[in-house]
Amino acid sequence: EPTRATYVFCSMLLKLIKEKGPRLLAMAADGPVEKLHRKQLYPDYKVTRKPVPEDLPAQIKRIMQIVRAFGIPILQAEGYEADDVIATAVERFRKDRDIVLISRDKDLDQLLDGNVTLYDPMKDESFDAAAIEREKGYPPSKALDVQALMGDAIDNIPGIPGVGPKK
């Protein structure tokens, strides 16, 4: 059984629990790819992505088993990606508590405010709204507009030609 991704995930999870001591913890997961609403709206969504490595699906299944064994709820909704589920949870709970998103997905930048931060476990770095603005030159409240104008090559979403970061 391949174990590299499982090992890396579990190492990060155990380190996170030990060092950060979260009171509440949940994991978001994509719904089935073939049923994604975005794919139905735009059939070319993500078609340029490289195929998932052959040994990864079995490891994802094992990771999900481990997360469930830890008693960590897995938030998932058919037709939606994990970042959609995360955004919904953030909107629901941001007024009641501080939220730390364990990710460095740029799609989550738009969620940051005084109660919501990002934590990159690979680099052991935290990002708040001010850090995103310093790094990118715009506040999280403008992240959605910027992404819409620039497009997203990773997801095969076209943008406005000539709009993008200065090089």
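Because the model is predicted, local features are given only where pLDDT is at least 70 and side-chain atom pairs only at pLDDT 80 or more, while totals for chains, interfaces and linings use all residues. Residues are numbered from 1 along each chain as its sequence is written, and side-chain values use heavy atoms, with hydrogens and water left out. Helices (H or I, at least four residues) and strands (E, at least two) are DSSP runs, numbered from the N terminus.

**Helix α3**

- Helix α3 covers residues 56-69, and at 1.5 Å a residue its 14 residues should span 20 Å, which agrees with the 20 Å between its end C-alpha atoms; the expected span is 1.5 Å times one less than the number of residues.
- The buried residues of α3 are Gln59, Ile63, Met64 and Val67, where buried means under 20% relative accessible area, exposed means over 50% and partly exposed lies in between (1.4 Å probe, protein chains only).
- Seen down the axis of α3, these buried residues fall within an arc of 145°, so they line one face of the helix; the arc is that of the directions from the helix axis to the C-beta atoms.
- An α-helix has 3.6 residues a turn, so residues three or four places apart point the same way.
- On the other side of α3, the residues Lys61, Arg68 and Ala69 are exposed.
- The buried residues of α3 pack against α1 (4-20), β1 (27-28) and β2 (74-75), with contact meaning heavy atoms within 4.5 Å.
- Thr6, which lies in helix α1, counts as buried at 9% relative accessibility.
- When neighbours within four places in sequence are left aside, Thr6 is in contact with Gln59, Arg62, Ile63 and Ile66.
- After α3 comes Gly71, which has a positive phi, near 80°.

- Side chains of opposite charge can pair when their charged atoms come close.
- The structure has 13 salt bridges, each one a side-chain nitrogen of Lys or Arg within 4 Å of a carboxyl oxygen of Asp or Glu.
- One of these joins the side chains of Arg38 and Glu81, at 2.6 Å from N to O.
- Since Arg38 lies in helix α2 (residues 37-41) and Glu81 in the loop between β2 and α4 (82-93), the pair ties together parts that are 43 residues apart in sequence.
- Arg38 counts as partly exposed at 31% relative accessibility, whereas Glu81 counts as buried at 6%.
- Arg38 also forms a salt bridge with Asp84, in which the closest N and O atoms are 2.6 Å apart.
- Because Arg38 lies in helix α2 and Asp84 in helix α4, this pair ties together parts that are 46 residues apart in sequence.
- The side chains of Lys46 and Glu81 meet in a salt bridge as well, at 2.6 Å from N to O.
- Lys46 lies in the loop between α2 and α3 and Glu81 in the loop between β2 and α4, so this pair ties together parts that are 35 residues apart in sequence.
- Arg38, Lys46, Glu81, Asp83 and Asp84 are linked in a network of salt bridges.

- Most residues other than glycine have a negative phi, and most peptide bonds are trans.
- Lys46, a residue other than glycine, has a positive phi near 65°.
- Asp124 is not a glycine either, yet its phi is positive at about 55°.
- Asp124 is found in the loop between β4 (116-120) and β5 (125-127), and at 42% relative accessibility it counts as partly exposed.

**Rings and distances**

- The charged end of Arg104 sits over the ring of Phe127, 4.1 Å from its centre; the rule asks for NZ of Lys or CZ of Arg within 6 Å of the ring centre and within 35 degrees of the ring normal.
- Gln40 lies in helix α2 and counts as exposed at 55% relative accessibility.
- The C-alpha atoms of Gln40 and Gly79 are separated by 9.3 Å, although the two residues are 39 residues apart along the chain.
- Arg92 lies in helix α4 and is exposed, with a relative accessible area of 63%.
- Arg92 and Ala143 are 51 residues apart in sequence and 20 Å apart in space, C-alpha to C-alpha.
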